[in-house]
Amino acid sequence: MSFPISLTINGVRRDVELDDPRVTLLDLLRERLHLTGAKKGCDRGQCGACTVLVDGRRINSCLALAISHDGADVLTIEGVARGDVLHPVQAAFIAHDGLQCGFCTPGQIMSAIGLIEEGQAGSDPERVRECMSGNLCRCGAYVGITEAVLEVQQTLAAANQRRSA
Amino acid sequence: MKTFDYVRPATVSDAVAAAAQPGAAYLAGGTNLLDLMKGGIARPDRLVDVTHLTGLDRIEHLADGALRIGALVRNADLAHDANFAKSYPAVAEALLSGASAQLRNAATVGGNLLQRTRCSYFYDAASACNRRAPGTGCDARGGENRLHAVLGWSEACIATHASDFCVPLVALDAVVEIEGKAGRRDIALEALHRLPGDAPHRESELEPGDLIVALRLPPEARAFAAHARYLKIRERTSYAFAIVSAAAALRIEHGTIQEARLALGGVAAKPWRARSAEATLAGASPTPAAFRRAAEVALADAKPSGDNRFKIELAQRILVRTLMLAAAGTPARIPALPASPFASVSGALQNV
């Protein structure tokens with residue numbers, strides 16, 4: 001039996017024939033569409049390495065059935081840069097050494113983009129840490145990750161202030 | 001994961017009919033169910049996907065002053081709804097103290113109520129577990145059980161209910177709206193979950209096909225907004241289940257407690273309402289001595305189910321602390337570390 005679904009992934013519509021209802025969104029991205037940026041760390045919703053944005057919200061793609069997300073708009077790490085121009089969060093992670101081995105980084109960056117969009121943390125490092133607690137980093141790059149998120153938040157806040165001035 | 005038939009009903013009544021079949025399970029956010037299915041703990045033959053049903057994702061203010069929350073409202077959306085957080089601050093704080101931002105974005109109100117215990121023996125298919133496989137025994141009784149129940153447990157099962165959200169909800173007399181084969185009915189949240197007794201596999205009062213469609217907070221629930229807190233002791237600062245937790249909501253007039261609502265989490269197989277402790281506070285002054293007495297009453301029937309005697313005193317202490325903070329007044333904004341009993345210390349050294 002096959003299940004046809006249609007998703008928008010990084011701005012491109014993709015029609016997919018699922019041969020099995022058990023396929024997670026993560027496995028669809030990695031194994032069927034060869035978008036291997038989202039990582040399979042724990043595959044149980046505990047590490048955050050598989051974080052992607054679905055309809056603008058960060059979720060664990062390992063705990064999402066692809067078939068249930070028929071019609072969804074998915075953004076993965078492959079879709080955030082504009083050509084050679086990095087997304088501001090990507091650039092900030094490099095500037096602040098927000099990574100070491102890099103395995104958790106796509107999930108961290110997608111989670112940070114989601115966090116900034118949610119607008120709950122502001123410039124409070126404690127709120128940033130709390131809002132990033134769903135992303136584990138075994139190298140322990142948390143200090144740089146927090147600094148990177150704060151820098152982007154501050155840049156955005158300054159830009160918003162300039163716009164409204 | 002065992003394979004399953006996938007059904008996507010267009011209406012609530014189609015969903016109920018599809019899920020009334022033996023072996024069927026509802027799929028909403030999937031954050032608990034898919035984890036259980038990957039571990040072979042949940043093995044549904046049919047998944048009834050309710051995420052595409054319309055009309056179940058609304059937060060409605062009813063004419064009588066009650067609030068009606070659709071079962072498909074996501075945990076994050078409810079917690080971040082400014083009106084909701086203002087009227088029911090302890091509920092919003094509890095929601096934000098649970099899981100991670102990603103999980104709160106996916107998990108639904110209805111699913112949160114029906115999440116399964118996190119007892120590690122329940123999650124280990126090789127262990128005996130009366131809750132997962134009736135009649136096989138309980139390996140938690142003689143195993144690692146420092147996090148297990150101290151109230152309402154039985155020889156058959158010592159698991160706890162894991163929800164933070166349910167704890168302030170049960171204190172505020174939340175009501176669950178259920179659509180079933182016989183139509184619509186209400187059940188108090190306090191009566192939804194069952195204590196284990198000799199049938200721990202019967203976890204709730206729901207019948208096959210029953211679908212939670214909404215949660216209602218009665219008009220009186222908002223009267224506690226000025227003095228309401230939820231606190232949670234966990235083994236790391238964030239993204240962990242409660243060892244014990246407490247919700248306290250007070251109505252204070254002229255320095256006297258008119259009415260108190262108290263509930264505990266992490267202590268039993270259901271969110272634990274502490275009514276006898278509430279009664280000790282009616283008409284009392286909000287003093288540490290009164291709060292300590294209430295906490296003793298709340299845990300009077302508690303007994304360890306294993307290496308967890310410490311949880312009884314811990315629950316008393318967290319209840320006293322929650323009452324102290326509730327009496328001091330609800331903070332204008334939910335703290336940076338929601339439900340944390342520890343002072344927040346900012347700075348890079350915190351993570352070193």
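Reader: How many residues does the contact take from chain B and from chain A?

Author: In this predicted model, the contact takes 27 residues from chain B and 30 residues from chain A.

Reader: Which elements of chain B give two or more residues to the side that touches chain A?

Author: Those are α2 (33-38) and α6 (101-106) of chain B. The most comes from α6(B), with five residues.

Reader: What is that side like by class?

Author: The side of chain B that touches chain A has twelve nonpolar and twelve polar residues, plus three charged residues.

Reader: Switching to chain B as a whole. How many helices and strands?

Author: Chain B has twelve helices and twelve strands. Of its 352 residues, 50% count as buried.

Reader: Why does the radius of gyration of chain B agree with a compact globule?

Author: Because a compact globule of 352 residues would have a radius of gyration near 20 Å, and chain B has 20 Å. Its C-alpha atoms fill a box of roughly 60 × 50 × 45 Å along the principal axes.

Reader: And the contacts in chain B, what share is from residues 24 or more positions apart?

Author: 67%, counted among contacts with a separation of 6 or more.

Reader: Now chain A. Which domains is it divided into?

Author: Domain 1 (3-79) and domain 2 (88-164). Their C-alpha centres lie 22 Å apart. The contact between them takes 14 residues from domain 1 of chain A and 13 residues from domain 2 of chain A.

Reader: Which elements supply at least two residues on the domain 1 side?

Author: β3 (51-54) and β4 (57-60) of chain A each do. β3(A) gives the most, with three residues. By class, that side of domain 1 has seven nonpolar, four polar and three charged residues.

Notes:
Residues are numbered from 1 along each chain as its sequence is written. Chains are lettered from A and ligands numbered from 1 in the order in which they are written. This is a predicted model: local features need pLDDT of at least 70, side-chain atom pairs count only at pLDDT 80 or more; totals for chains, interfaces and linings use all residues. Helices (H or I, at least four residues) and strands (E, at least two) are DSSP runs, numbered from the N terminus. The radius of gyration is taken over C-alpha atoms; the globule rule is 2.2 Å times the number of residues to the power 0.38. A residue is buried if 20 or more other C-beta atoms lie within 10 Å of its own, exposed if 12 or fewer, and partly exposed in between; C-beta atoms are placed from the backbone. Two residues are in contact if their C-beta atoms, placed from the backbone, lie within 7 Å. Ala, Val, Leu, Ile, Met, Phe, Trp, Tyr, Cys and Pro count as nonpolar, Asp, Glu, Lys and Arg as charged, and the others, Gly among them, as polar. Domain bounds come from an automatic or database domain assignment.
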